Amino acid sequence: MPSMISLEEARALVVSHVSVLPAETVPLLDAIGRVAAADVKSDMDVSPFAHAAMDGFAVHASDLAEASEQSPVELDVIADVPAGSTYEGPIAPGRCVRIMTGAALPADADSVVKYEIVETVSGDGKTGSRVRFSEPCKLGNNVRQPGEEAREGETIVHEGEVIHPAGIGFLAGCGALEVAVRRRPRVAVIPIGSELVEPPAKPGPGHIRNSNGYAMAACAIDAGATCDILPIVIDDEDLLAQAVERAAAEYDFVVTTGGASNGDFDFIKPVVERLGTLYMTTVNMRPGKAQTFGLVNGTPVFGLPGNPAAAYMGFSLIIRPALRAMQGYAALEHPCVKARITSSKKKKDPRRIFSRATIARGADGELEVTPAKNQSSGLFGVIQKSNCVAIMPEGLDPVLEGDMVECILLDAPEDIVL
Ligand SMILES: Nc1nc2c(c(=O)[nH]1)N[C@H]1C(S)=C(S)[C@@H](COP(=O)(O)OP(=O)(O)OC[C@H]3O[C@@H](n4cnc5c(N)ncnc54)[C@H](O)[C@@H]3O)O[C@H]1N2
Ligand code: MOO
């Protein structure tokens, strides 16, 4: 096992050890944002009938062929068709039917003229009135044809497609009130550390609140998973081994935080090695060098570092893509853009540095990125106030004010096209 691997290698390694989860059939509204696990077909033509796209008059276009300002054509209104009604009768030459948007086109009409360009000669424009047309109308004008949205039996959503809110309406209209989607990964988060107490308890001397548990659970849910925060495990190798083995049997993916480095009480590496196969321990990134990954009884187990920002980076940049792969998403990585950095940064650490930062448009309309002043890896609040991470490449070369740097947009959807 190489001692330190790149972020790209780490991501590829973890993604290669997860599998796409089986399908589950869910009510339509539970499918928002999820990946279709099978083709979905329409159970009918949508819409099922030709209908008016405008309020106006249903006509034979041929009756208006000669209509002009100089010699308008007048027609008698013989019926009213509101939406939800039909008119099956004949429409003899010289006649038309008043029709509302969404109403079925009468069987004997072929076009609709909107009321704004029709003059009322007598009556109120409804049945019994006479109306005047001063221009011809194209055949099929303002008519929505049947099956424009979908044909009966046509595949409307393909396996692998992400179902967006408009797609939910599309599926509902096509009669698909339940859909097969990839099951959500079940994630367990195990916070490790003898110093931890559960919020909201006030910690005693030398203790801190377990904030990582909540943040990592939030990251898991945000990635489409379900998540349980399991009880805190103190720094004890056997207790940790028991907790990891139990979680690996019950969940699809196990995440621990803390105890991932080389301290006297850092046990996640030996535990994964003892229970299964250890594939990775260290990634060339800051924050977040200590990143452990292995399989325990076939279940991926990921040991994140204890420092909050280091855990957050490991989850966002390595675990999240794997959880997405398990749900069948094709786009796994956050989008990146280049932006001009607003201040110079010395590099004392040769690792690739992920600076918590804010990206915005400068006065010239170009993207500018400003790293947060405090880059301590012990802080969540700085990430809450940031909207990206600016990347300082490997090596010791400084980044200079005005340089273009890659920025990962952590809050932007992976499938966005920039
Ligand atoms: N001699 C060295 N020491 C350390 C190194 C190193 O290279 N040489 N690396 C440092 C870096 S960088 C990191 S990151 C941490 C990673 O170590 P661990 O994963 O073993 O993390 P812990 O020591 O358990 O905790 C680190 C820090 O985070 C706090 N923590 C832990 N769990 C939680 C939690 N659930 N909620 C909130 N905060 C948590 C913990 O109290 C520590 O302050 O190692 C450095 N040391
Ligand atoms: O691995 Mo540490 O993240 O640089 O705080």
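Begin by selecting helix H3, which contributes three residues to the shell around ligand 1, the largest share. The model on the screen is a predicted one. Its protein chain has an average pLDDT of 97, and 100% of the residues score at least 70. The model's scores are ipTM 0.97 and pTM 0.93.

**The ligand shell**

Next, select ligand 1 and display its surroundings. The shell holds 26 residues, and the closest are Asn 212, Gly 258, Ala 260, Ser 261 and Gly 306. Colour the shell by class: 14 of its residues are polar, nine are nonpolar and three are charged.

Which helices each supply at least two residues of this shell? They are H3, spanning 211–222, and H6, spanning 308–326.

**The pair of helices**

The axes of H3 and H6 lie 10 Å apart, and the two helices pack at an angle of about 25°. Because angles under 35 degrees count as roughly parallel, H3 and H6 are described as roughly parallel to each other. The crossing of H3 past H6 is right-handed.

Display the side chains where the two helices meet. On H3, select Ser 211, Asn 212, Ala 215, Met 216, Cys 219 and Ala 220; on H6, select Pro 308, Ala 311, Tyr 312, Phe 315, Ser 316, Arg 320 and Leu 323. Coloured by class, this contact of H3 with H6 shows nine nonpolar, three polar and one charged residues.

Finally, bring ligand 1 back and select Asn 212. This residue is among the closest to ligand 1, and Asn 212 of H3 also takes part in the contact with H6.

Key:
Residues numbered from 1 in each chain as written. Chains lettered and ligands numbered in written order. Predicted model: local features only at pLDDT ≥ 70, side-chain atom pairs only at ≥ 80, totals over all residues. Near = placed C-beta within 6 Å. Helix = DSSP H or I, 4+ residues; strand = E, 2+ residues; numbered from the N terminus. Nonpolar A, V, L, I, M, F, W, Y, C, P; charged D, E, K, R; others polar. pLDDT = per-residue confidence, 0-100. Axes fitted to C-alpha atoms, helices over the stretch in contact; angles between N-to-C directions. Parallel < 35°, antiparallel > 145°, perpendicular 65-115°, else oblique. Left-handed = near helix turned anticlockwise from the far one by under 90°. Contact = placed C-beta atoms within 7 Å.
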